[in-house]
Amino acid sequence: MKTTTLAPVYPSSEITNNFFPTLDIVEVGGKESKSSGEFLLVLQELLSSDHSINTKKAIVSDMKHFYWWYSDYNKEIFTFIRCIKDDIIGYKASLLSENKATRSINRKLSHLRIFFRKAQEMEYITKDPTIW
């Protein structure tokens with residue numbers, strides 16, 4: 001798997017582009033999906049909301065973790081259209097099997113919910129896979 005590093009632009013005036021870690025975008029089978037850009041656009045929009053710096057850092061970290069997990073679990077690049085409820089359930093099961101702290105798991109799932117809610121607002125998806 002080849003990786004490409006993209007540094008998203010964060011609209012908040014109190015932070016710089018270098019403040020957050022870059023988000024690595026995975027190429028599967030030599031292809032980089034358009035979804036990588038969509039993923040970053042939703043993340044940027046989410047980070048433009050009124051969250052603390054620490055919350056924004058946690059959102060970036062948690063979404064990066066989910067992105068990598070999804071790509072590894074499904075053997076394909078993340079796309080909003082292909083992400084379903086079973087992926088969210090599998091992600092939670094993966095976190096539990098890694099013996100992550102309950103507080104960390106709940107934070108990651110909460111960030112996932114707000115991420116998909118934002119994607120739905122931006123009309124990348126019609127159905128939120130985190131709601132069942």
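This is a predicted model: local features need pLDDT of at least 70, side-chain atom pairs count only at pLDDT 80 or more; totals for chains, interfaces and linings use all residues.
Local features are reported at pLDDT of at least 70 and side-chain atom pairs at pLDDT 80 or more, while totals for chains, interfaces and linings use all residues. Residues are numbered from 1 along each chain as its sequence is written, and side-chain values rest on heavy atoms, without hydrogens and water.

The protein contains four helices and two strands, where helices (H or I, at least four residues) and strands (E, at least two) are DSSP runs numbered from the N terminus. Along the sequence the order of elements is β-β-α-α-α-α. Of the 132 residues, 42% are buried; buried denotes a relative accessible area under 20%, exposed over 50%, and partly exposed the range in between, with a 1.4 Å probe and protein chains only. Contact denotes heavy atoms within 4.5 Å. Among contacts between residues at least 6 apart in sequence, 60% join residues at least 24 apart.

Aromatic pairs number 18 in the structure. A pair of aromatic rings is described by the distance of the centres and the angle of the planes. Rings of Phe, Tyr and Trp (its six-membered ring) are paired if their centres lie within 6.5 Å, and planes under 30 degrees apart are classed as stacked, over 60 as edge-to-face and the rest as tilted. Phe-39 and Tyr-67 form an edge-to-face pair, because their planes stand at 70° with the ring centres 4.7 Å apart. This pair joins helix H1 (residues 35-47), which holds Phe-39, to helix H2 (residues 53-74), which holds Tyr-67, across 28 residues of sequence. Phe-39 is buried at 0% relative accessibility, and Tyr-67 is likewise buried at 0%.

Phe-66 and Tyr-91 also form an edge-to-face pair, with 5.0 Å from centre to centre and 85° between the planes. Here Phe-66 in H2 is linked to Tyr-91 in helix H3 (residues 85-97), 25 residues apart. Phe-66 is buried at 0% relative accessibility, and Tyr-91 is buried at 1%. Phe-39, Phe-66, Tyr-67 and Tyr-91 belong to one aromatic cluster, whose other members include Trp-69, Tyr-70, Phe-115 and Tyr-124.

In soluble globular proteins, nonpolar side chains tend to be buried together. A nonpolar core is taken as a set of buried Ala, Val, Leu, Ile, Met, Phe, Trp, Tyr and Cys residues joined through side-chain atoms within 4.5 Å. The largest such core in the model has 27 residues, and those with the most contacts inside it are Met-63, Phe-66, Phe-78, Phe-80, Leu-112, Phe-115 and Phe-116. At least two residues of this core come from each of H1, H2, H3 and helix H4 (102-121). Leaving out residues up to four places away in sequence, Leu-112 touches Met-63, Phe-66, Ile-88, Tyr-91 and Thr-130.

The axes of H2 and H3 come within 11 Å and cross at roughly 105°; axes are lines fitted to C-alpha atoms, for helices over the stretch in contact, and angles run from 0 to 180 degrees between N-to-C directions. The two helices H2 and H3 are therefore roughly perpendicular, the class for angles of 65 to 115 degrees, whereas those under 35 count as roughly parallel, over 145 as roughly antiparallel and the rest as oblique. The contact of H2 with H3 comprises seven nonpolar, four polar and two charged residues. In this classification Ala, Val, Leu, Ile, Met, Phe, Trp, Tyr, Cys and Pro are nonpolar, Asp, Glu, Lys and Arg are charged, and the others, Gly among them, are polar.

Lys-108 lies in helix H4 and is buried at 8% relative accessibility. Apart from neighbours within four places in sequence, Lys-108 is in contact with Asp-62, His-65, Tyr-91 and Leu-95. Lys-57, in helix H2, is partly exposed at 36% relative accessibility.

Most residues other than glycine have a negative phi. Asn-99, which is not a glycine, has a positive phi of about 55°. Asn-99 is in the loop between H3 and H4 and is exposed at 69% relative accessibility. Glu-123 also has a positive phi, near 65°. Glu-123 is in the segment after H4 and is exposed at 70%.
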